[in-house]
Amino acid sequence: MRFGIHNKMCWSRALLTSWLVLLIQLLCVEAVPISMDKTKVKEPEPKAEEPPASVDTGLHYDRYLREVIDFLEKDQHFREKLHNTDMEDIKQGKLAKELDFVSHHVRTKLDELKRQEVNRLRTLIKAKQDLEGGNDIAVDHQALLKQFEYLNHMNPHTFEVDDLDRLIKSATNDLENYDKERHEEFKKYEMMKEHDRREHLKTLDDDERKREEEHYEEMRKKHADHPKVNHPGSQNQLKEVWEEADGLDPEDFDPKTFFNLHDTNGDGFFDEQELEALFTKELEKIYDPTNEEDDMVEMEEERLRMREHVMNEVDSNKDRLVSLDEFLVATKKKEFLEPDSWETLEQNQAYTDEEMREFEEHLAQQEHDLNQKAFDLQKQREELERQQEQLNAQKMELQQAVEHMERLKTQKVDPPPEVHVEGNAIPELHGVDNQLPPGHHAEPQEHQPAPQAPHDNTQEHHEGQNQDLAQHGLPQSHQDLPPGYPDVPQAQHDLQ
């Protein structure tokens with residue numbers, strides 16, 4: 001975590017420095033042309049237009065910002081207005097209104113740049129959705145473009161006053177908020193470091209804990225034992241740089257010469273990186289990367305604290321640059337000649353006890369939430385495993401049923417034949433002795449008496465008996481009986 005924050009802080013300096021370079025390009029004054037006899041001067045050959053300088057602000061819309069600035073800078077009217085407008089008016093959007101007066105060629109190019117930027121954002125949105133597995137879902141680009149506040153997404157075709165106003169305000173706000181975010185990140189870093197130390201102490205026994213606490217206090221005292229740190233931006237601090245870094249006599253210190261010596265890019269301004277370079281000697285008094293007690297993340301925070309302090313005292317127009325005039329004015333103030341002592345980080349803790357308590361409560365809540373989530377996931381896993389076991393058992397039963405059916409098919413077992421008559425099915429008898437099929441047993445039959453001669457009854461009586469036999473499903477005549485069954489009259493007699 002320490003190295004991650006360290007890298008982020010280093011990146012922040014490059015980001016802010018690059019933004020300042022862009023402002024420098026905008027604020028620089030054109031040189032007054034020298035009168036000359038054009039008849040004696042050979043016209044220079046036209047050179048191909050060079051691309052904008054590779055200045056990266058670190059913003060995700062950096063290229064769009066640089067290209068807009070580059071083309072606005074080519075318009076003479078806009079450059080003059082920019083030079084005569086202070087930073088506060090720029091933030092309030094007064095400069096954006098001057099877009100209506102720039103040349104048609106510049107406006108056309110700005111329209112093209114905006115269309116390219118909108119297409120780039122749409123491509124990014126589509127690529128992100130593809131990565132998330134939403135290839136078949138329709139994309140509402142208009143709704144998603146709302147998150148990009150630095151352009152007017154409702155008009156994706158032309159670059160208007162509102163677009164320039166949005167771009168200026170977004171870039172200014174993003175860069176100004178960065179310092180606040182950086183301070184919060186460093187505060188979290190310090191609190192986490194203290195939290196880890198306390199948690200480590202809980203794992204030790206009494207003797208080990210005592211030795212660890214003694215070692216911690218020893219390192220703190222050793223870190224605090226360093227030479228006096230000069231107030232950043234004061235006469236004493238700059239004279240020390242003049243003497244040790246520049247190798248000049250401190251008695252010959254001259255603010256204007258000093259400024260020119262350390263304006264490394266010669267643009268007439270101290271940007272944030274050039275200012276931070278002035279504090280190297282002071283930081284070397286406090287921090288040594290080879291010492292156990294010195295934290296290099298804290299060194300970078302100290303460097304940025306010094307830079308912010310000087311900017312607040314010297315940068316009168318709040319454009320995040322220090323001009324030569326602003327620097328010379330500051331060297332005449334009492335704070336420059338008789339500064340207060342500078343409190344370093346070990347004298348000015350980054351967090352309060354209340355903030356530390358809230359931070360640890362937040363960590364405890366996060367740990368509880370993670371444990372609960374892990375418990376829920378474990379329960380879900382067990383339930384899925386149980387369901388998988390059930391599915392496996394059902395699959396095995398199904399396989400066994402299929403195998404059983406296959407075995408039956410291979411055996412080709414045919415059912416015994418049956419004889420069907422009206423009423424019930426009667427098994428067919430086999431052989432001479434009227435043997436039943438295997439598994440059937442012959443029912444004992446009583447001796448049937450010999451058929452008797454029919455009584456002298458009327459024809460209607462016989463027809464009524466036949467109807468009764470038909471209702472009971474019995475044969476109505478001797479011809480209707482199967483072999484071996486008694487005659488019809490006997491059956492009629494039994495019914496009676």
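**Stop 1: a charged network**

Select Glu194, Arg197, Arg198, Glu213 and Glu360: salt bridges link these residues in a network. Keep in mind that this is a predicted model. Side chains of opposite charge can pair when their charged atoms come close.

Zoom in on Arg198. Its salt bridge with Glu194 has the closest N and O atoms 2.9 Å apart. Both Arg198 and Glu194 sit in helix α7, 4 residues apart, about one turn of the helix. Is Glu194 buried or exposed? Glu194 counts as buried, at 11% relative accessibility. Arg198 is partly exposed, with a relative accessible area of 34%.

Glu360 is partly exposed, with 23% relative accessible area.

**Stop 2: α7 against α16**

Two packed helices are described by the angle between their axes and the distance between the axes. At what angle do the axes of α7 and α16 cross? They cross at roughly 70 degrees and come within 10 Å. The two helices, α7 and α16, are therefore roughly perpendicular to each other.

Next, show the side chains at the contact. From α7, pick Lys187, Lys188, Met191, Met192, Glu194, His195 and Arg198. From α16, pick Glu355, Met356, Phe359, Glu360 and Leu363. By class, this contact of α7 with α16 has 5 nonpolar, 1 polar and 6 charged residues.

**Stop 3: a second look along α7**

Stay on α7, which covers residues 161-202. Select Asp165 and Lys169. Their side chains meet in a salt bridge, 3.3 Å from N to O. Asp165 and Lys169 are 4 residues apart in the helix, about one turn. Colour by accessibility: Asp165 is buried, at 16% relative accessible area, and Lys169 is partly exposed, at 39%.

**Stop 4: the nonpolar cores**

Select Tyr64, Val68, Leu72, Leu110, Tyr150 and Leu164. These touch the most other members of the largest nonpolar core, which has 29 residues. Which helices each supply at least two residues of this core? They include α2 (62-73), α3 (76-83), α5 (104-131) and α7.

Centre on Tyr64. Leaving aside neighbours within four places in sequence, Tyr64 is in contact with Leu113, Lys114, Glu117, Tyr150, Leu151, Phe159 and Leu167. Another core lies apart from the largest one. This other core has 28 residues, among them Phe186, Leu238, Leu278 and Phe327.

**Stop 5: α2 along α5**

Return to α2 and bring up α5. The two helices pack at an angle of about 175 degrees, with their axes 10 Å apart. That makes α2 roughly antiparallel to α5.

Pick out the contact. On the α2 side are Tyr64, Glu67, Val68, Phe71 and Leu72. On the α5 side are Val106, Lys109, Leu110, Leu113, Lys114 and Glu117. What classes of residue make the contact of α2 with α5? It has 7 nonpolar, no polar and 4 charged residues.

**Stop 6: a histidine in α13**

Select His309. This residue is placed in helix α13 (residues 296-314). His309 counts as buried, at 19% relative accessibility, because the cut-off for buried is under 20% relative accessible area. Which residues does His309 touch beyond four places in sequence? They are His231, Pro232 and Trp342.

**Last stop: the whole chain**

Zoom out and colour by secondary structure. The chain comes to 18 helices and 4 strands. Switch to a burial colouring: of the 496 residues in the chain, 32% are buried. Among contacts in the chain with a separation of 6 or more, 68% are between residues 24 or more positions apart.

Conventions:
Residues are numbered from 1 along each chain as its sequence is written. This is a predicted model: local features need pLDDT of at least 70, side-chain atom pairs count only at pLDDT 80 or more; totals for chains, interfaces and linings use all residues. Side-chain values use heavy atoms; hydrogens and water are left out. A salt bridge is a side-chain nitrogen of Lys or Arg within 4 Å of a carboxyl oxygen of Asp or Glu. Buried means under 20% relative accessible area, exposed over 50%, partly exposed in between (1.4 Å probe, protein chains only). A nonpolar core is a set of buried Ala, Val, Leu, Ile, Met, Phe, Trp, Tyr and Cys residues joined through side-chain atoms within 4.5 Å. Contact means heavy atoms within 4.5 Å. Axes are lines fitted to C-alpha atoms, for helices over the stretch in contact, and angles run from 0 to 180 degrees between N-to-C directions. Angles under 35 degrees count as roughly parallel, over 145 as roughly antiparallel, 65 to 115 as roughly perpendicular and the rest as oblique. Ala, Val, Leu, Ile, Met, Phe, Trp, Tyr, Cys and Pro count as nonpolar, Asp, Glu, Lys and Arg as charged, and the others, Gly among them, as polar.
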